[in-house]
Amino acid sequence: RLQFHDCWVGGCDGSVLLNSTETNQAEREAHVNFGLRGVAEIDEIKAALEHLCPGVVSCADILILAARDATAKVGGPTWTVALGRRDGVNSTALMADTNLPFPVLNFSGLVANFAAKGFGAREMITLSGAHTIGRSHCNGILPHLYNFTGRDDANDTNPAMNKNFAVFLKKLCPEGNRTNTIFIDSTANTFDRAYYKNVLQGKGIFITDSTLITNPVGKKVVTSFSKPRSSFFTEFAAGMVKMGNLGVLTGTEGEIRKTCQFVN
C-alpha cells in the first residue's frame with residue numbers, strides 16, 4: 001500500500017513519507033491515506049543505511065525495496081528492482097486525494113484511475129490482488145455495509161456482498177465505527193490467491209473489490225487468477241516493477257533525504 005500510495009502521487013519519490021509542516025498538509029493527512037502504515041519501518045531502515053553509507057540510498061528506493069521484500073517474506077513473488085531514485089521535496093494531501101482511488105469506485109472508475117497512470121484493466125485487477133495481505137480500518141468499508149445507495153438506511157448493504165459475510169463484518173464494524181481493524185483477506189498474513197476466491201464468493205472487503213466481477217472482462221480475470229497455477233504471481237511482479245518506475249527523479253533532480261520524514 002505504501003508503494004502504491006507513493007508512486008500514484010507525483011511518481012515514486014518518497015513524498016508519502018514526508019511530515020506536514022505549519023503551512024502544508026502532507027500526503028499522509030489525505031482522506032485516502034487514512035491509517036497508512038509502514039513509515040516508521042522505512043525510517044528505521046533509513047537510519048541504519050545513513051549510519052553505514054550517508055547520503056547514498058534514497059527514501060524512495062528504500063520504500064520500493066521494502067515493498068518487494070515484504071511481499072516475498074509473506075509468500076509472494078519477488079522481482080528485480082532498478083535503483084537510483086531520488087527523493088521529492090513536495091507533498092500535499094490534495095494531490096493524494098486527487099490521484100489515488102477511493103474505496104467506493106465502481107469498475108469503470110477504477111479502470112479510468114489506472115488508465116491515467118498508463119495501466120490497463122487487467123493490470124488494475126492484478127494489482128488489486130495486493131489485498132491478499134494486510135488489514136483495514138472499518139473506515140474503508142462502512143459505505144459497503146450501511147447506507148449503500150444513500151437512502152439513509154442502516155440495512156442498506158451492498159447487494160453484491162455475501163449476506164452472511166455482511167452480517168459478520170457488521171459485528172466487527174458497527175455503524176459509525178471508523179477505527180476498528182479487520183483483515184482484508186481470509187488468509188491475511190499470506191500472499192496467495194485467496195483474495196480472488198473471496199471476491200468470487202461475494203466476500204470482497206471493499207466496494208472496489210466486489211466491483212471487479214460486475215464487468216464480464218473483470219470477472220474472467222478474477223476467475224483465472226483464483227485457480228491454481230495461474231499467472232497472478234508473475235503478473236503481479238511485473239505490475240509492481242512498472243508501478244515502481246512511475247515518475248522517478250534521477251540525476252540532479254530531487255535530493256537524497258537524510259531523514260525520510262523531512263526534506264534536507
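Asn147 is placed in the loop between helix 7 (142-145) and helix 8 (163-172). Helices here are DSSP runs of H or I with at least four residues, strands are runs of E with at least two, and both are numbered from the N terminus.

Before going on, I note that this is a predicted model, in which local features need pLDDT of at least 70, side-chain atom pairs count only at pLDDT 80 or more, and totals for chains, interfaces and linings use all residues. Residues are numbered from 1 along each chain as its sequence is written, and side-chain values use heavy atoms, with hydrogens and water left out.

To return to Asn147, its phi is near 55°, a positive value in a residue other than glycine. Asn147 counts as partly exposed because its relative accessibility is 31%; the class lies between buried, under 20% relative accessible area, and exposed, over 50%, with a 1.4 Å probe and protein chains only.

Arg229 is not a glycine either, yet has a positive phi of about 60°. With a relative accessible area of 79%, Arg229 is exposed.

I turn now to the helix pairs. How do helix 2 and helix 3 cross? The axes of helix 2 (residues 39-52) and helix 3 (residues 59-73) come within 10 Å and cross at roughly 120°. Axes are lines fitted to C-alpha atoms, for helices over the stretch in contact, with angles from 0 to 180 degrees between N-to-C directions. The two helices are therefore oblique to each other; angles under 35 degrees count as roughly parallel, over 145 as roughly antiparallel, 65 to 115 as roughly perpendicular, and the rest as oblique.

In this contact (heavy atoms within 4.5 Å), Ile42, Ile45, Lys46 and Leu49 of helix 2 meet Cys59, Ile62, Leu63 and Ala66 of helix 3. By class, the contact of helix 2 with helix 3 has 7 nonpolar, no polar and 1 charged residues. Nonpolar covers Ala, Val, Leu, Ile, Met, Phe, Trp, Tyr, Cys and Pro, charged covers Asp, Glu, Lys and Arg, and the others, Gly among them, are polar.

Helix 6 (residues 121-128) packs with helix 12 at an angle of about 100°, their axes 9 Å apart. Helix 6 and helix 12 are therefore roughly perpendicular. By class, their contact has 5 nonpolar, 2 polar and 4 charged residues.
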